[in-house]
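Opened a new model today and want to jot down what I look up as I go. Sequence and structure go here first.

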Amino acid sequence: MAPPAGQIRPAKYLASFVLIVVALYALVFLTGNGSAKPKLGIDLQGGTIVTLTARQEDGAQPSEDALNRARDLIEVRVNGLGVSGAEVVRDGNNLTITVPGADSEGAKGLGQTARLAFRKVLGNPVPAAAPPTAPAPSSSTPPSGSTAPSTPSQTAGAPSSSNAPNGRPAPNLQAQPSSAPPPSSTAPSSTAPSTPSAPSNVDPKVAKEIQEAKALRQASEQQILQQAAIMLDCSQPDPLRGNDDLDKPLVTCDEKGEFKYILGPVNPSPADTTTKPDDYSMYSRLTGEDISNAAANANPNGTGYVVNLDFKSEGGTKWSKFTAANVQQAVAVVLDGEVMSAPTIQSAIAGGSTEISGKFTLKEAQALANTLKYGALPLSFDASEAQTISPTLGLQSLKAGLIAGGIGLALVFVYCMFYYRLLGIMTILSLGLSGVIVYGVLVLLGRWIGFTLDLAGIAGFIVAIGITADSFIVFFERLKDEVREGRSFRSAVPRAWVRSRRTILSADAVSFIAAAVLYVIAVGQVKGFAFTLGMSTVLDLVVVFLVTHPLVAMASKSKFLSNPNLSGLGGAAREGATHRAGTPGKTTAVKEA
């Protein structure tokens, strides 16, 4: 036989709650890697935040399609880092990358355009502080059968004439290449190109810097190229980063800014009608689009690591023809206008693969391979902001958040004990059990969907403490109203629950809808706040229905616990008695039904 409305079997509800907790923590400890800790966000465990500002060669506003494709490609690169909890958020012309964890430094290179090209080295590289001695090409479209200068670069790993390295490490893939001043004078300009902010529609300054750099460092005349090499300052930012023309020569620096190179074009100029399609004596015709895969491996010929490249079928054919036509000549592996490696070709290389060698660490080689594997971005980006939060600072933020939550809980506890006494103890117990469920859910969500707890999420939990306590207060105040009307503690509980239940459901529904809407329209850490607020609201209902109400019902059936002075309902009973005593026709007796 079912109990009357509002009457429940407390043991049944409490047993259901215990089963939920047991099942929850069985999943916590028996699945995953056994760790019972939630994943923490960047502001709690440390990490890196990078803000990228898009720019185009002509300074025009980037298209929506290009920005969205860049965001998607950067997300793929982020996933390639193997770091969970990372996100890429678009804000106008900016992309914000957030990568939590101690191994998040690689995030600073995720905005690299990663346009790879293979260019023939024209002469020896020279130290960045010295004028070049190598000849330069006489035009941007050399005639068929042209050859490299007679003095080749030295073999990989042991350069003797120039001391230029065969390969350069690429820490974080974020170093910017050099820049050249405009060709209006024979002395370097004293003003370095500045990094533009997000363009409105057209930024003439950006376009001017790029065009002036091209006129000097990608000229077709030999004398201008030599002048460009003299004037080039490898310590300054480079407006040509990712914007160089592949059908023209290029004067540039190596990745560390220590050596200057004069490089041949990648492809013949469209206006060139004399070069035969099978002429690879000057043109490699190879770019990153010809790569099918890139992987980091240990250097088989020494210490450190190398990046092995696998070409597509057509790319392998190009590489074979180019190496056959340029034996004992140097080829530069150029990434976004920087020379990453410049080995000497010892013999024709068939098989459709090659490697980028250098003094790479494992992380550097993996970062470079990850960037090359997924292709070039459709836009160039400037890292307008890069912030790394140390784990120590993150731990301090976590402690501050926990202290704030503890203070909030303490105030709620003091208020409940002072005002509700026994019911206040039940409030404290219910909040503690709610925390047990929330913790287990956080651990599982971190494993299943990669949810990370940040400071905004902790703020959501602190706000949820008030929402949960509010549900208890609604129930307890309705209980007091019933006692004021002359009912006993035991008879007041079912009636108070029926009437307060609707209010609790309505209030929590409003809070959940607000949190859901905020989650949909918000970005970044605000989503974490909305998510934890909504989750806590749902778990609040679980605790109120399965714990708080059954505990109050059990206390009402105990002769000792139902004592008005102990339960905190004595004041309400006296108020009701006084009110009824002053009203004709009312009795001061306590109703039992």
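Entry one, the overall picture. I'm working from a predicted model, so I keep that in mind throughout. I find 14 helices and 13 strands in the protein chain. Of its 593 residues, 48% are buried. I also looked at contacts with a separation of 6 or more: 76% of them join residues 24 or more positions apart.

Entry two, α1 against α12. I took helix α1 (residues 10–30) and helix α12 (residues 525–556); their axes come within 9 Å and cross at roughly 140 degrees. The crossing of α1 past α12 is left-handed. On the α1 side I list Pro10, Tyr13, Leu14, Phe17 and Ile20 as making the contact. From α12 I get Val543, Phe545, Leu546, Val547, Pro550, Leu551, Ala553 and Met554.

I noted a kink of about 40 degrees in α12, centred on Val544. Then I checked the length: with 32 residues at 1.5 Å a residue, α12 should span 46 Å, and its end C-alpha atoms sit 44 Å apart, so the two agree.

I place Thr468 in helix α10 (residues 455–484). Is Thr468 buried or exposed? Its relative accessibility is 4%, so I count Thr468 as buried, the cut-off being under 20%. Setting aside neighbours within four places in sequence, I see Thr468 in contact with Leu431 and Asp540.

Technical notes:
Residues numbered from 1 in each chain as written. Predicted model: local features only at pLDDT ≥ 70, side-chain atom pairs only at ≥ 80, totals over all residues. Heavy atoms only, no water. Axes fitted to C-alpha atoms, helices over the stretch in contact; angles between N-to-C directions. Helix = DSSP H or I, 4+ residues; strand = E, 2+ residues; numbered from the N terminus. Left-handed = near helix turned anticlockwise from the far one by under 90°. Contact = heavy atoms within 4.5 Å. Expected span 1.5 Å × (residues − 1). Bend = angle between axes of the 7 residues up to and from the residue. Buried < 20%, exposed > 50% of the residue type's maximum accessible area, 1.4 Å probe, protein only.
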